[in-house]
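Hi,

Here is the structure I promised to pass on to you.

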Amino acid sequence: MENITAKIVRKSLNALANDETFLPTLQEQDREKAFTSLVSILSTPNHVYKSYLRVALENGSVVRIPSFRVQHNNILGPYKGGIRFHESVDEDETVALASLMTLKSALHGVPFGGSKGGVVLDPRSYSVKERHLICKKYVQYFSQVIGPSKDIPAPDVGTSEREMDWMMGEFKSINPGREYLNSFTGKSVENGGSLGRREATGKGVYYTFRNLLFDFPETNIDLVQKSDNPFAESILTLRDKTLTLAIQGFGNVGSVAALEAYQCSHLNNKVVAVSDRNVTLYNADGLDIPGLIKFTSSNHGDLPVDKDQLTTANVRADIMEREAVLSLDVDVLFLAALGNQVRQDNVEDVQARVIVEGANDPVTGEADDYLSEKGTIIIPDILANAGGVIVSYFEWIQGKETQFYTEDVVFDRLYEKMKSTYDKILPKFYADTYALRQTCYMHSVMKLSIVLYRQGKLY
Ligand code: NAD
């Protein structure tokens, strides 16, 4: 299976090769050579580091845990990417996620490159003391390649502000006298983190959905109505009705996106289903999202799994299987759990007319082709879930300057930055016939290619 990112980067370069406005100073042979360089640079990472973290457990045994740091590209700035703690982490996945980070920052004009880290473990199988040690070891083993102007990690699945606080503490101990506040983002506010970072991705995901379906068409109705883009008509019909929403994943991203939808009452969106690693909860009249958030915060992040727990949470819902969320008859499906959730073997069951990618890479290449042909609107990860990296950038600046923003300033700047991306991308989307993912990738690839060319990297 070709990875969706590599496939679309290749498609984008093919499309751009025939565009005379793209690198117009390059002629014939030079142009061909430059494109060969571009394909190899963008489809392979600059560095793949792998280590086995040697950790002494509390029961006296010693384990060696595989871990990765992949640096994909840093032409636009220092490498930037989260660290995932999950049993399914592997090298290929980490490479794919690092390349997505490069494309995401390029799309939103964030001056970072792309990287990703991963540790192959189920964090729930380790004690707090052991997890602390694993975090310290990760920083020790990769200390030569990370740092505020080299590669800045952040949380991802299985890690949170607590792990970033520990890691920054270790970075500071290893590098006395060096700047450290901006060596990690996603830290706690008390420890130099940014207000609003925790909510940034989920808020950005919902804002992107709202902008595509409501705000942009409202202010650009002529452009949308006259567009030949095959998805334009669906967007116009959907914006006129009350939409039902289902959300896969109820962690940092999913729960915040759900709460935004719940609170955005003037749009009349109704969250009828949410799911997590154990269950799907469904209520056709709409779920009590604040009630569920309150319950998960005192239940290790997990949703209620039976009637007793629903009674404790004081929430009315039907309990369904974990995977049921993907095939419900809803208008919009938010994917905010893990990668590869919609695949060849389940894509035909997906009924939603809009998919919003809060997670990275949640739809495989084959499933993406199938859904796009069917007319399903997919709001891609690199457009929708960039709130995290944008506010991480703000956190990095705040750490550098040791001047901190209020929460209102953070959210205003976040929305301003995301809106400036939509204002560039959506007119292109409506002026052409590509799916939104392809439009976004072409924009990122174009941006990266021009800077690579200007810095003399294409030969
Ligand atoms: P998280 O660990 O806080 O939450 C993950 C959620 O998914 C949990 O509710 C968990 O129970 C659920 N889940 C796990 N396995 C599942 C399965 N098989 N089926 C259904 N649900 C399952 O993680 P998060 O920070 O919310 O990240 C979610 C996704 O968003 C990840 O793909 C991550 O890479 C991506 N993302 C996160 C951020 C961020 O700032 N947190 C930024 C960009 C992208």
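Please keep in mind that this is a predicted model.

Let me start with the sheet. Tyr79 stands opposite Asp151 of β5. That pair belongs to a parallel pairing: strand β3 (residues 79–86) and β5 are joined by 5 bridges. The whole sheet is open and has 5 strands, arranged in the order β1-β2-β4-β3-β5, with mixed pairing. Because β1 (47–56) and β5 (151–155) stand at the edges with a single partner strand each, one side of each is left without a neighbour in the sheet. From one strand to the next, the twist averages 25°.

The sheet also has a helix lying across it. Helix α3 (residues 91–108) lies across β1, β2 (62–73), β3 and β4 (114–120). Relative to β4, helix α3 runs at about 150°.

Helix α15 (residues 407–431) packs with helix α16 (residues 436–454) at an angle of about 125°, and their axes are 10 Å apart. An angle like that makes α15 oblique to α16, and the crossing is right-handed. Which residues make the contact? On the α15 side they are Lys424, Ile425, Leu426, Lys428 and Phe429, while α16 contributes Leu436, Thr439, Cys440 and His443. Sorted by class, the contact of α15 with α16 comprises 5 nonpolar, 2 polar and 2 charged residues.

Best wishes

Note on methods. Residues are numbered from 1 along each chain as its sequence is written. This is a predicted model: local features need pLDDT of at least 70, side-chain atom pairs count only at pLDDT 80 or more; totals for chains, interfaces and linings use all residues. Side-chain values use heavy atoms; hydrogens and water are left out. Two strands pair if DSSP finds at least two bridges between them. Helices (H or I, at least four residues) and strands (E, at least two) are DSSP runs, numbered from the N terminus. Axes are lines fitted to C-alpha atoms, for helices over the stretch in contact, and angles run from 0 to 180 degrees between N-to-C directions. Contact means heavy atoms within 4.5 Å. Angles under 35 degrees count as roughly parallel, over 145 as roughly antiparallel, 65 to 115 as roughly perpendicular and the rest as oblique. A crossing is left-handed if the near helix is turned anticlockwise from the far one by less than a right angle, and right-handed if clockwise. Ala, Val, Leu, Ile, Met, Phe, Trp, Tyr, Cys and Pro count as nonpolar, Asp, Glu, Lys and Arg as charged, and the others, Gly among them, as polar.
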